[in-house]
Amino acid sequence: MSAQRVVVIGAGASGLSAAWWLARSGVLVTVLDKGAVGWEASGRNGGGCSHYQSPLFREEQRLWPQMDELLGYPTEFSPERIVMAVTPRQLEQYHYIAEMNNRLGQRVDLLDAAQVRAAVPLAGDNCLGGIHYRFGGHANPHRTVQAYAWALQDLGGRVVQHSPATGFRTGGGKVTAVESTSGTYECDAVVIAAGPQTGALAAKLGIELPLAAARAEMIVTEPAPMMKLGGVDGNGLYGRQTLRGNLAYGGGPHEWVEFGDLGPEVKPSTPLTRNLARRLAELLPGAAHLNVIRSWAGVIEMTPDGRPVIDRRENVTLCTMSGVGFGLSPASGHAIHDLVLEGRCSFTDIDKLGLSRFDGIDDNWRTNKGWLPL
């Protein structure tokens, strides 16, 4: 019997991980992307791998320490994170998070201000304390998406870049081929993991997936002295220190944007970069003198409840991660693999990520939530 053929739309972390998992099972996989591998949010984010509120969390934590070995290429994964407070309200919030995680059996240590400053030399006298995740960590987004792509190709998979999906051929209620600007790709199953485009592509198949597009921004500084632990969050920011010492940080607020077939016409940075720089200087006063050397503005997709969707309809599997796709990608790829080949996730219950929770949603849901472009 010939091997199953699967087309994955989207060469971000979620799509590439799913393709790699499928190729490991002998599936003939083709990945299509409108641009280059990891060129959107999957390659430019805070790199966090600590999503304790997700049903995919346990698998995320199991897999990340193994990913360099499994992929055969470096992801620069580094374990554990510190979250530090510079206001009393932040400290109260972080203590609540620590209590909740410890209650669930996921160790988080409370740190006083002196302990934070000992662990994070760039912290200042304004630090009030913090928490230390003894799980999770961070990885290099760009390295990781390239590692997925190379590992997939090593298994015989194809990645076709600059090839937007334009439509589908169907027969017997199933997708039989994906049409794109580079040609038509016949398939036995399709995975749509195309970030903000996922909703519009699903709509071509009569599947309603409510999504709103939001601009996200990040800044990168010149190198700072290396810290013992590169994953440091707080003050409304997420990010990490790179192996070169650069500080890469983002953290809202996000601006809702209009989104066409291929995204917004331009993705300019906004004055939010100054806000991010100010908050980073407050979080890490020892780095306040550093210059911001580059910034990034891109688009992430959000469902009405802010949670991912991973679900299957006939031979179409949908994946949209609502801004947490990178860190969960080892586990989401495993879940998608299972849905495509077995029709159910083998390692955890993902019913709460199902699309049916939005059945009957008001057509004006974005207006009702105030998620409208300025």
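Strand S4 (residues 108-111) pairs with S5 in the antiparallel sense over 4 bridges, where two strands count as paired if DSSP finds at least two bridges between them. Helices (H or I, at least four residues) and strands (E, at least two) are DSSP runs, numbered from the N terminus. This is a predicted model, in which local features need pLDDT of at least 70 and side-chain atom pairs count only at pLDDT 80 or more, while totals for chains, interfaces and linings use all residues. Residues are numbered from 1 along each chain as its sequence is written, and side-chain values use heavy atoms, with hydrogens and water left out.

Strand S5 also has S3 as a partner: 7 bridges join the two, which run antiparallel. Ile131 of S5 is the bridge partner of Leu110, and Ile131 is likewise the bridge partner of Val83. Of the 10 residues of strand S5 (residues 129-138), 9 are buried, so the strand is largely enclosed by the rest of the structure. Here buried means under 20% relative accessible area, exposed over 50%, and partly exposed in between (1.4 Å probe, protein chains only).

Turning to a further sheet, 3 strands form an open arrangement in the order S7-S8-S9, with antiparallel pairing. Strand S7 (165-171) and strand S9 (183-186) stand at the edges with a single partner strand each, so one side of each is left without a neighbour in the sheet. Neighbouring strands of this sheet are turned by 25° against each other on average, direction ignored; axes are lines fitted to C-alpha atoms, for helices over the stretch in contact, and angles run from 0 to 180 degrees between N-to-C directions. Strand S8 (residues 174-180) is joined to S9 by 4 bridges, the two running antiparallel, and Glu179 stands opposite Thr184 in S9.

Aromatic side chains come next. The structure holds 10 aromatic pairs; rings of Phe, Tyr and Trp (its six-membered ring) pair if their centres lie within 6.5 Å, and planes under 30 degrees apart count as stacked, over 60 as edge-to-face and the rest as tilted. Trp64 and Phe77 are stacked, because their ring centres are 5.7 Å apart and their planes lie at 15°. This pair links distant parts of the chain, 13 residues apart, with Trp64 in the loop between helix H2 (57-63) and helix H3 (67-71) and Phe77 in the loop between H3 and strand S3 (78-85). Trp64 counts as buried, at 2% relative accessibility. Elsewhere, Tyr52, Phe57, Tyr133 and Phe135 form one aromatic cluster.

The charged end of Arg24 sits over the ring of Trp21, 4.9 Å from its centre, and that of Arg44 sits over the ring of Trp39, 4.2 Å from its centre.

Finally, Asp305 lies in the loop between S16 and strand S17 (309-313). Asp305 is partly exposed, with a relative accessible area of 36%. The C-alpha atoms of Asp305 and Phe358 are separated by 9.2 Å, although these residues are 53 residues apart along the chain.

How values were computed
A charge sits over a ring if NZ of Lys or CZ of Arg is within 6 Å of the ring centre and within 35 degrees of the ring normal.
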